[in-house]
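Visitor: I would like to go through this structure feature by feature. Please give the general idea where there is one, then the case at hand.

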Amino acid sequence: FEKARGTVRHGKYHQQTPVPMWETLLKKGLRGIIQEAEAGIEKVRSGDEPDARKAWFWQAAKICCEAMIHYSRRYARLARELSQDETDANRRKELEQIADICERVPEYPARTLREAVQSRIIWGMAMKWPRSDTAGDQNGRMDQYFYPYFIQDIRDKRLTDEEAADLIGTVLSHSARLDGIRSATLGQASQGTLIINVMLGGLTPDGQDANNELTYLVLHMAGLLKYAEPHYTFRINAGTPRWALLKALATNRLVGGGQPQFMSDDHIVSYLVNQGETLEDARDWAGQG
């Protein structure tokens with residue numbers, strides 16, 4: 001697997017399950033990733049890529065992406081079938097909307113928050129297939145990769161604040177209901193949650209404060225739902241606005257159990273430098289990770 005340029009490392013420092021590239025999925029769609037894999041395979045065939053073993057990984061990526069597209073289309077067919085027998089007009093419209101969305105994502109780029117949420121959940125479910133005992137679909141920086149779709153929907157009046165809150169609550173509820181399937185022996189030896197995390201706040205890649213309206217909304221929904229999972233981490237920096245910090249503190253009091261926990265970007269940078277990173281690279285990781 002390593003010769004095929006895959007990886008079995010759990011995070012850069014073996015401390016956490018890797019966070020999927022949600023932004024790439026939402027912007028490119030699986031069809032775009034398939035095209036990149038096909039281009040890589042063609043380079044091997046033409047001789048432009050001397051390491052033929054890379055084609056194994058690209059072929060595997062293509063197979064997985066096509067499986068996820070097929071999986072989503074099955075949901076689309078099911079929703080379409082259910083809508084035909086539905087007597088409630090509102091529910092029928094909802095099922096038809098679900099069918100339309102599942103026919104588009106995650107195959108193609110998301111255009112709205114509804115499509116982005118559906119794409120993220122389908123891909124997250126697929127990542128649980130090979131390792132059902134682990135948290136395969138870490139949420140990462142939800143307030144960053146969902147933000148462009150959220151704010152555009154609000155500005156274009158495609159969503160109300162309440163509808164956006166319901167969609168974000170759906171993602172958090174999905175994470176809360178995930179479970180790891182373990183053998184009896186392993187279950188007795190290692191009990192606990194999947195430790196699925198949502199990272200909020202922090203810095204943008206260019207060093208600016210990253211808090212936004214969606215940061216507030218995710219914290220608000222966390223305070224309303226009060227789930228034991230997912231876990232939340234709120235990253236603090238010198239430019240963290242007062243409103244964001246107060247909302248995080250209020251959420252912490254509502255939920256209890258250290259939700260969200262608080263982390264300083266300066267501590268992250270110091271840790272990475274101690275691990276051998278240059279100061280420039282450490283700051284870059286703090287902005288993107």
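Visitor: At what angle do α9 and α10 pack, and how far apart are their axes?

Guide: This is a predicted model. In it, α9 and α10 pack at an angle of about 15°, and their axes are 9 Å apart. Angles under 35 degrees count as roughly parallel, so α9 and α10 are roughly parallel to each other.

Visitor: What is the hand of the crossing where α9 passes α10?

Guide: The crossing is left-handed. On the α9 side, the contact is made by Y216, L219, H220, A222 and G223. From α10 come W243, A244, K247, A248, T251, L254 and V255. By class, the residues of this contact of α9 with α10 are 8 nonpolar, 3 polar and 1 charged.

Visitor: How do the axes of α2 and α3 cross?

Guide: Helix α2 covers residues 54-85 and helix α3 covers residues 89-104. Their axes come within 8 Å and cross at roughly 160°. An angle over 145 degrees counts as roughly antiparallel, and α2 is therefore roughly antiparallel to α3. The crossing of α2 and α3 is left-handed.

Visitor: Which residues make the contact, and how do they divide by class?

Guide: From α2 the contact takes S72, R73, Y75, A76, A79, R80, L82 and S83. From α3 it takes R92, L95, E96, I98, A99, D100, C102 and E103. The contact of α2 with α3 has 8 nonpolar, 2 polar and 6 charged residues.

Visitor: Take S83 in helix α2. Is S83 buried or exposed?

Guide: Buried means under 20% relative accessible area. S83 has 4%, so it is buried. With neighbours within four places in sequence left aside, S83 is in contact with R92, L95 and E96.

Visitor: Now the sheet. What is the order of its strands, and is the pairing parallel or antiparallel?

Guide: The sheet is open and has 3 strands in the order β1-β2-β3, with parallel pairing. The edge strands, each pairing on one side only, are β1 (197-201) and β3 (261-264). Neighbouring strands of this sheet are turned by 30° against each other on average, direction ignored.

Visitor: Over how many bridges do β1 and β2 pair?

Guide: β1 pairs with strand β2 (residues 231-236) over 5 bridges, in the parallel sense. Within β2, F234 stands opposite L200.

Visitor: Which peptide bonds here are cis?

Guide: P230 lies in the loop between α9 (213-225) and β2. Another is the bond from Q259 to P260, also with omega near 0°. P260 is placed in the loop between α10 (242-255) and β3.

Visitor: And what is the phi of K157 and of K226?

Guide: K157 is not a glycine, yet it has a positive phi of about 60°. K157 sits in the loop between α6 (147-155) and α7 (161-177). Its relative accessibility is 74%, so K157 counts as exposed. K226, likewise not a glycine, has a positive phi of about 55°. The loop between α9 and β2 holds K226. With a relative accessible area of 47%, K226 is partly exposed.

Note on methods. Residues numbered from 1 in each chain as written. Predicted model: local features only at pLDDT ≥ 70, side-chain atom pairs only at ≥ 80, totals over all residues. Heavy atoms only, no water. Pairing = 2+ DSSP bridges. Helix = DSSP H or I, 4+ residues; strand = E, 2+ residues; numbered from the N terminus. Axes fitted to C-alpha atoms, helices over the stretch in contact; angles between N-to-C directions. Parallel < 35°, antiparallel > 145°, perpendicular 65-115°, else oblique. Left-handed = near helix turned anticlockwise from the far one by under 90°. Contact = heavy atoms within 4.5 Å. Nonpolar A, V, L, I, M, F, W, Y, C, P; charged D, E, K, R; others polar. Buried < 20%, exposed > 50% of the residue type's maximum accessible area, 1.4 Å probe, protein only.
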